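Subject: A structure for you to look at

Hi there,

Here is the structure I promised to pass on to you. Please open it beside this email and follow along as you read.

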Amino acid sequence: MALISCPDCQESVSDLAPACPKCGRPLHFVAPDPSRMVSVGPEKKASTTGRTVGIGCLVIIGALIILGAIGSHTPENPRISRQVDCEMAIERQLKAPKTASFDDWSDMGTVVTGTVTSQNAFGAKLTKSVRCTFDGMTLQSAVVIE
Ligand SMILES: [Zn+2]
């Protein structure tokens, strides 16, 4: 423990003493309180700011994860996307698009080939080759090879 001097009578008093033994001035109320106030004030502010920043970071991280998931999904599946584009274009040409099932996809970048099995006008199931050409991700043509 340390000795402090009483602000009233300048007597040396233990800093643990609740009051000056000579003049009875309450020490612990006066001395530690202002310093506690000073230290508590900015600490509270700092922790609130820290929490706000923390939440902000979480929101940003969450947004980045979502954006990252969207961003990485699109370029990751160009083959699937070309197949789907081709399937949709071919289905538009079929007599019974709901019966169509596609198979044997082969993606060579600019040319995507596969087979489509669907019912013809007479209800018979026929398998035909399909061939779609792409300029990058843009469908240029979709042909059912008769
Ligand atoms: Zn005193």
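This is a predicted model: local features need pLDDT of at least 70, side-chain atom pairs count only at pLDDT 80 or more; totals for chains, interfaces and linings use all residues.

Residues are numbered from 1 along each chain as its sequence is written.

**The overall plan**

The chain has 3 helices and 6 strands. These are DSSP runs numbered from the N terminus: helices are H or I with at least four residues, and strands are E with at least two. Along the sequence they follow the pattern β-β-α-α-α-β-β-β-β. Of the 146 residues, 10% count as buried.

**Back to alanine 96**

Alanine 96 lies in the loop between α3 and β3. It touches Ser118 and Gln119, leaving aside residues up to four places away in sequence. Touching, or being in contact, means that the C-beta atoms of two residues, placed from the backbone, lie within 7 Å. Alanine 96 and glutamine 119 are 23 residues apart in sequence, and their C-alpha atoms are 6.0 Å apart in space.

**The sheet**

Now find the open sheet of 4 strands, whose order is β3-β4-β5-β6 with antiparallel pairing. The strands β3 and β6 stand at the edges with a single partner strand each, so one side of each has no neighbour in the sheet. On average, neighbouring strands of this sheet are turned by 20° against each other, direction ignored. Such angles come from axes, which are lines fitted to C-alpha atoms (for helices over the stretch in contact), and they run from 0 to 180 degrees between N-to-C directions.

Two strands pair if DSSP finds at least two bridges between them. Strand β4 (residues 111–119) and strand β5 (residues 125–135) pair in the antiparallel sense over 9 bridges, and valine 111 has threonine 133 in β5 as its bridge partner. Their hairpin has 5 residues between the strands, and glycine 123 takes a positive phi near 85° there.

β5 also pairs with strand β6 (residues 138–145), antiparallel over 7 bridges. Two bridge partners to look for in β6 are isoleucine 145 for serine 129 and leucine 139 for phenylalanine 134. The hairpin of β5 and β6 has 2 residues between the strands, and glycine 136 in the turn has a positive phi of about 70°.

**The helix across the sheet**

α3 lies across β3, β4, β5 and β6, running at about 55° to β6. What are the buried residues of α3? They are Arg82, Cys86, Glu87 and Ile90. Seen down the axis of α3, these buried residues fall within an arc of 135°, so they line one face of the helix; the arc is that of the directions from the helix axis to the C-beta atoms. On the other side of α3, Ile80, Val84 and Met88 are exposed. The cover over the buried residues of α3 includes β3, β4, β5 and β6.

**The core**

The largest nonpolar core has 8 residues: Cys86, Ile90, Val112, Val116, Val130, Cys132, Phe134 and Ala142. α3 (78–91), β4 and β5 each supply at least two residues of this core, and the largest share, 3 residues, comes from β5. A nonpolar core is a set of buried Ala, Val, Leu, Ile, Met, Phe, Trp, Tyr and Cys residues joined through C-beta atoms within 7 Å. Cysteine 132 touches Cys86, Ala89, Val112, Leu139, Ser141 and Ala142, not counting residues up to four places away in sequence.

**Two residues with a positive phi**

Most residues other than glycine have a negative phi. Glutamine 10 has a positive phi of about 65° although it is not a glycine, and its place is in the loop between β1 (3–5) and β2 (12–14). Aspartate 104, also not a glycine, has a positive phi of about 55° and is found in strand β3 (residues 101–107). Glutamine 10 counts as exposed because it has 11 C-beta neighbours inside 10 Å. Aspartate 104 is exposed as well, with 11 other C-beta atoms within 10 Å.

Enjoy exploring!

Best wishes

Note on methods. A residue is buried if 20 or more other C-beta atoms lie within 10 Å of its own, exposed if 12 or fewer, and partly exposed in between; C-beta atoms are placed from the backbone.
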